[in-house]
Amino acid sequence: AILVHMNDSGDRNLEEIAGRRTDESLESSTGVGGRWTLAGQCVAQIFSLAVIAVLYRTVDQSAFGLMAMALPIVLMLRGLAILCWQAALVQCPVLSHNDASRYFWGNLITALFATGLTVAAAYGFSLWYRVPEVFSVGTMLSGTIVIAALATFAHALYERRMDWRRLTTMRIAAQGLAGCLTIVMALRGMQIAALIAQQYAEWSVLALLLWAREPWRPTWRCGVGSWRPVITFNLGYAWASMMFIAIESIDKVILGWWQGTTIAGRAAIGVYAQMYLLTQRPVNMLTSAWGSLLLSARSRAGADVAVSARLTHNLFGWAAVVLWPLAVGGVCVGDDLVTVLGGDTWRVAGTAIRILAVLTAVRGFINLAGNFFTVRRKTGLMALLATVHVIALGGILWAASMTGARASLQAMTFTTLVAGTYVAAMVIFGGLYLGIACRVAAIPWRGLWSV
């Protein structure tokens with residue numbers, strides 16, 4: 001694939017950034033990317049635990065709960081606005097300067113529209129929760145969408161070049177600087193403001209670092225071009241992205257309706273949301289990076305089925321080596337880890353973290369399998385499966401929460417009931433989803449575990 005650059009004098013310069021490579025070169029680049037990603041996440045997790053330890057001891061659990069109630073609004077619309085453009089940019093076989101500029105402005109316009117929609121949605125969710133503060137927090141978080149759009153577009157350009165070393169380094173730097181700012185604000189007693197600032201700082205630093213080293217710049221004179229292939233791909237992928245974020249968020253939305261109006265209920269939601277992040281954030285960050293690696297590598301492999309299969313086996317082998325120990329470790333020592341990080345006030349989270357640790361491996365393989373649909377351009381099927389799961393999961397969780405409400409359970413016990421139901425439903429869906437993904441990618445189920 002060729003990215004066409006235009007210099008100041010109007011001369012055209014060609015830079016090959018993602019051309020088809022030999023089998024050995026492609027597999028070697030994939031292996032290097034996998035190792036860099038794994039090493040980077042190890043470093044990031046160590047620093048992340050230090051930040052979490054400070055936050056758990058300085059920020060009220062109810063503040064975490066309020067953040068957990070508002071964040072799904074932003075995450076769903078942010079995913080709808082930007083993830084589709086990132087995947088389309090990486091997948092595009094030949095990318096000219098004008099094509100890249102059209103993608104850039106389309107990405108930015110979509111992000112601006114999503115920002116306005118987020119403000120309106122935040123008001124609607126505040127009525128659903130019966131908590132006016134949700135509107136304020138959601139409105140303040142809406143500004144991260146445009147910043148994230150700028151960061152993810154530059155991120156996609158690095159992915160096309162398979163420049164995993166720089167991507168990993170910049171992500172760690174952004175997370176580290178954002179963590180330092182969050183710690184300073186939390187120590188000064190800023191509570192929810194510190195959590196919001198963390199979102200802005202991490203995306204802003206990442207965007208600045210990525211664009212500072214990226215030679216390409218968009219142009220206004222990019223023409224209209226043909227949007228049909230992009231729109232066709234984006235509609236399915238955008239909806240699927242939003243549905244998968246809804247799958248991760250629907251439990252907090254339901255808990256917010258039942259418990260969000262009281263401080264104790266909000267604290268229980270905050271504890272649950274933090275245990276979810278503690279167990280799933282490293283998985284999501286790792287598989288997101290590996291998923292981008294798999295998407296980029298399989299796109300470069302093209303019609304070479306043998307190379308695509310080997311690349312998939314290798315990455316799933318990496319994932320199995322990391323995810324299963326994480327799940328087992330979370331079940332065995334998760335409650336001790338939480339107590340060390342947050343002290344005795346967080347001891348109530350022990351049962352929740354053990355339950356959610358079971359989800360670690362399942363969630364990771366679901367994330368990776370989504371790229372099978374993307375590479376095969378079966379985003380419509382992926383969107384359909386995700387939509388069915390959101391509807392089914394919502395019904396199951398609502399039924400479980402009604403059972404807990406009738407039994408007049410305490411806030412944390414009620415939350416643990418919802419957590420157990422959520423994990424059980426996700427395990428069942430994960431097996432079905434992975435099986436369908438393997439059929440779409442023409443990869444035998446057992447072949448994934450042959451490495």
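Four salt bridges turn up when the whole structure is searched. The model is a predicted one.

Start with arginine 363 and glutamate 248. Their side chains form a salt bridge, with N and O 2.7 Å apart. The two residues come from distant parts of the chain, 115 residues apart. Arginine 363 belongs to helix α12, which covers residues 359–375. Glutamate 248 belongs to helix α8, covering residues 228–259. Is arginine 363 buried or exposed? Its relative accessible area is 2%. Buried means under 20%, so arginine 363 counts as buried.

Next comes a pair made by aspartate 251 and lysine 252. These two form a salt bridge as well, and their closest N and O atoms are 3.5 Å apart. Aspartate 251 is buried, and lysine 252 is buried too.

Now turn to aspartate 335 and arginine 354. Their side chains meet in a salt bridge at 3.1 Å, N to O. Aspartate 335 sits in helix α10 (residues 305–342) and arginine 354 in helix α11 (residues 350–357), so this bridge ties together parts 19 residues apart in sequence. Arginine 354 has a relative accessibility of 37%.

Arginine 78 tells another story. Find it in helix α2, residues 61–91. Arginine 78 is buried, yet it has no salt bridge. Which side chain of opposite charge is nearest? It is glutamate 202, 8.8 Å away. A salt bridge needs the charged atoms within 4 Å, so glutamate 202 at 8.8 Å does not form one with arginine 78. What does the side chain of arginine 78 join in a polar contact? The partner is the side chain of threonine 144, at 3.2 Å. Leaving aside residues up to four places away in sequence, arginine 78 touches Leu83, Thr144, Ile145, Ala148, Gln199 and Trp203.

Leu381, Leu384, Val388 and Ile436 make a nonpolar patch of about 310 Å². Which helix gives the most to this patch? Helix α13, residues 379–406, does, with three residues. Isoleucine 436 lies in helix α14, residues 411–440. Its relative accessibility is 32%, and it counts as partly exposed.

Terms used:
Residues are numbered from 1 along each chain as its sequence is written. This is a predicted model: local features need pLDDT of at least 70, side-chain atom pairs count only at pLDDT 80 or more; totals for chains, interfaces and linings use all residues. Side-chain values use heavy atoms; hydrogens and water are left out. Helices (H or I, at least four residues) and strands (E, at least two) are DSSP runs, numbered from the N terminus. Buried means under 20% relative accessible area, exposed over 50%, partly exposed in between (1.4 Å probe, protein chains only). Lys and Arg count as positive and Asp and Glu as negative; His and the chain ends are not counted. A polar contact is a pair of N or O atoms within 3.5 Å; within protein, one must be able to donate a hydrogen and the other to accept it, and residues adjacent in sequence count only if both atoms are side-chain atoms. Contact means heavy atoms within 4.5 Å. Patches are made of residues with over 30% relative accessible area and no salt bridge: like charges are joined within 9 Å, nonpolar side chains (Val, Leu, Ile, Met, Phe, Trp, Tyr) within 5 Å. Accessible areas come from the Shrake-Rupley method with a 1.4 Å probe; for residues, only the protein chains shown count as cover.
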